[in-house]
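Dear colleague,

Please find the structure below, handed over for your use. My findings follow directly after it.

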Amino acid sequence: MAFEPPQRLVRALGETPDGDGSTADWLERLPRLAEAALDRRAVRAQRVQAPGGRSSLVVLVQYEDGTPAVLKLAPPQARPDRELAALAHWGGFGAVRVLDTRHHGEDGALLLERLQPDVSLRSLPEAKALLEACGTLRRLWVKPPDGHPFETVAERTSRQAGALRAAAEAGAGSAALAEAALAARDELTAGPGPGEDQLLLHGNFRQGKVLAGDRAPWLAVGPEPVVGERAYDLARLVRDRPEDQVASAAGAAGARRRVNKLADSLEVDRDRLRGWTLFRAVESGTRALAAGRRRDAELLLEFATWL
């Protein structure tokens, strides 16, 4: 079968800095990489998941005996080795299970259990979705393994802060919002919150990253693992469904109630959650603006003003 990458993936990877051309080269070789990965694992492709993700090709596959699975291929820059390490450490508790690791070092592909790709927490009413999301996060937040390969929240956000500062200086987005976000980040990384351990975090947790499964009702997928405080992970969930939040009559008061409710549900410091939510929303909004996704940028930056 043809393994043409979905346009969503092509557009998203096109927004990623690619100074050495490696991402473009990976996209060009992707059909051949997918065929080789299938052959190594002795599975048969059924169809490419579309519209799919923004960082990987997802192929629904079957073993010879009919057992369903998923083959995921991501460019080396996405660090699929770190995703594998996180999923292996969770061991299927709260997250999708890895089925085969024997060939990962050869091609970076992941063979995963099949969940229900079209049924995420976004299919639930908002209150129920947030309740299930919090339960999933509780299972994922564990101590990282010794000698782990993951970057820290401070390291990841340091890179993002540099890009955010450069974008603000170039006139992209709101300079005032960018300065507030950068100040929040500096304060948050100056020291951990009271009683906060450094835990393994999903890194990109939101309702769309939690899918329905058979062995458990809901399981997380697509981590961008990082080690740090829980408030950083929870911050991405706070701004989930921004289009609904911006359209709501509750406005800023509703956004602040959401911060407080989620913080209290997971025993996270409210101020630290607010700070990380501000930084992550402004950083994402500014990046979206630079990539020409003006509607996404406007939603995120307006939400950030409410915090």
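Helices and strands are here DSSP runs, of at least four residues (H or I) for a helix and at least two (E) for a strand, and they are numbered from the N terminus. In these terms, Ala42 sits in the loop that connects α2 (22-41) with β1 (43-48). Please note that the model is a predicted one.

Ala42 has a positive phi, near 55 degrees, and is a residue other than glycine.

With a relative accessible area of 63%, Glu267 is exposed.

Helix α10

Helix α10 comprises the 15 residues 251-265.

Which residues of α10 are buried? They are Gly251, Gly254, Ala255, Arg258, Val259, Leu262 and Ala263. Viewed down the helix axis, the buried residues of α10 fall within an arc of 165 degrees and therefore line one face of the helix. On the face turned away from that buried side, α10 carries Arg257 and Lys261, which are exposed.

The packing partners of the buried residues of α10 are α5 (126-140), α8 (230-238), α9 (242-247), α11 (270-290) and α12 (294-305). Two of these pairings are set out below.

Two packed helices are described by the distance between their axes and by the angle that the axes make.

For α8 and α10, the axes come within 10 Å and cross at roughly 135 degrees. Angles of 65 to 115 degrees count as roughly perpendicular and those over 145 as roughly antiparallel; α8 and α10 are therefore oblique to each other. Their crossing is right-handed. On the α8 side the contact is made by Leu234, Leu237 and Val238, and on the α10 side by Arg258, Val259, Leu262 and Ala263.

For α10 and α11, the axes are 9 Å apart and the packing angle is about 125 degrees. This makes α10 oblique to α11. The crossing of α10 past α11 is right-handed. Here α10 contributes Val259, Asn260, Leu262, Ala263 and Asp264 to the contact, while α11 contributes Arg270, Leu273 and Arg274.

Arg8

Arg8 has its place in helix α1 (residues 7-14). Its relative accessible area is 32%, so Arg8 is partly exposed. Which residues does Arg8 contact, leaving aside its neighbours within four places in sequence? The contacts are with Pro51, Gly52, Gly53 and Arg54. As for the pair Arg8 and Glu169, the two are 161 residues apart in sequence, and their C-alpha atoms are 29 Å apart in space.

With kind regards

Methods: Residues are numbered from 1 along each chain as its sequence is written. This is a predicted model: local features need pLDDT of at least 70, side-chain atom pairs count only at pLDDT 80 or more; totals for chains, interfaces and linings use all residues. Side-chain values use heavy atoms; hydrogens and water are left out. The expected span of a helix is 1.5 Å times one less than its number of residues. Buried means under 20% relative accessible area, exposed over 50%, partly exposed in between (1.4 Å probe, protein chains only). The arc is that of the directions from the helix axis to the C-beta atoms. Contact means heavy atoms within 4.5 Å. Axes are lines fitted to C-alpha atoms, for helices over the stretch in contact, and angles run from 0 to 180 degrees between N-to-C directions. Angles under 35 degrees count as roughly parallel, over 145 as roughly antiparallel, 65 to 115 as roughly perpendicular and the rest as oblique. A crossing is left-handed if the near helix is turned anticlockwise from the far one by less than a right angle, and right-handed if clockwise.
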